[in-house]
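Please open the model in your viewer and keep the selection tool at hand.

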Amino acid sequence: MRLDFVKMHGLGNDFMLVDVPDDASIPSAAQWRTLADRHRGVGFDQALVLQPPRRREADTYYRVFNSDGGEAEQCGNGLRCIAALLHERHRGKDGILTLDGPAGSLQARILPSGDVMAEIGQPNFDPRSLPFDAPERRASYELRIDGERYEFGAVSLGNPHAVLRVESVEAAAVEHVGRALQASARFPRQVNVGFMQIIDHAHIRLRIFERGVGETEACGTGACAAAVIGRELGLLGPDVEVHVPGGALSVHWDGAGNSVWLTGPACKVFEGHVEL
């Protein structure tokens with residue numbers, strides 16, 4: 001089977017975008033793993049599958065697959081890349097696109113600068129939404145890893161996130177703690193783990209250990225999760241510049257009852273095809 005694709009990235013968080021007519025044509029988990037190999041395949045953090053719209057108002061229906069072959073519920077930088085590609089294909093109206101996926105129907109806007117602003121949806125702090133095994137919603141939770149206590153906030157943005165505050169992102173034990181949290185039985189579907197260093201009320205630094213991928217250059221929903229958890233703790237304002245290893249993303253959230261918006265660049269790298 002021939003698979004045409006477009007390679008894109010948002011601040012180094014890279015994607016393989018493919019048009020697939022139906023679910024039966026989607027590559028298997030083993031095929032995704034082969035394609036994700038950076039030495040023997042195309043290489044990507046996530047594969048983004050574009051399918052015909054399932055709602056009249058939508059411009060596409062999308063699905064997200066991690067480099068380990070597992071399916072994810074949402075991908076913030078992926079949403080922005082999808083919007084940029086569809087805009088290039090003259091989809092949408094006046095630079096506004098409606099993207100429908102497992103997390104629901106969301107809007108994206110192409111800005112005059114060329115950056116893409118995407119709606120990520122309303123954050124859900126109910127532990128059951130991640131899911132996370134906790135008796136009730138709290139501002140912070142704790143787990144012990146190798147005898148050390150770690151505090152974190154938890155939120156769902158269509159996909160699950162845990163965010164830890166750290167003094168320095170450089171010194172954070174990202175892989176060790178990230179893997180341990182993902183392996184915890186309290187996160188039955190695993191979790192994306194963010195390590196947040198607060199600079200001031202409008203700026204943070206962030207590293208993210210993504211579920212099914214590992215540490216990435218940038219994670220859009222991870223940036224949003226850190227910003228909303230920081231605001232819930234009274235440490236951040238409604239507009240936050242999030243500095244990740246790949247660059248800077250902007251997050252805006254007006255508080256409870258409102259969607260989070262993520263803004264940043266979305267770049268096409270190349271087009272190609274592979275035989276499966």
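The residues lining the largest cavity divide into 4 nonpolar, 8 polar and 2 charged, where Ala, Val, Leu, Ile, Met, Phe, Trp, Tyr, Cys and Pro count as nonpolar, Asp, Glu, Lys and Arg as charged, and the others, Gly among them, as polar. This is a predicted model, in which local features need pLDDT of at least 70 and side-chain atom pairs count only at pLDDT 80 or more, while totals for chains, interfaces and linings use all residues. Residues are numbered from 1 along each chain as its sequence is written, and side-chain values use heavy atoms, with hydrogens and water left out.

A cavity here is a set of points, on a 1 Å grid over the protein atoms alone, where a 1.4 Å probe fits but cannot get out, and its lining residues have an atom within 4 Å of a point. The largest cavity has a volume of about 90 Å³; select Q46, N66, Q74, N159 and E210, which are the closest to its centre of the 14 lining residues.

Next, select A227, V228, R231, G237, P238, V240, V251 and W253, which line the second largest cavity, with a volume of about 30 Å³.

For the backbone, select L130 and P131, whose peptide bond is cis, with omega near 0°. Most residues other than glycine have a negative phi, and most peptide bonds are trans.

Finish at Q190, with phi near 65°.

Terms used: 1 Å grid on protein atoms, 1.4 Å probe; cavity = no way out; pocket = protein on both sides within 12 Å on 5 of 7 lines; lining within 4 Å. Points joined across faces, edges and corners; volume = space filled by probe spheres on them.
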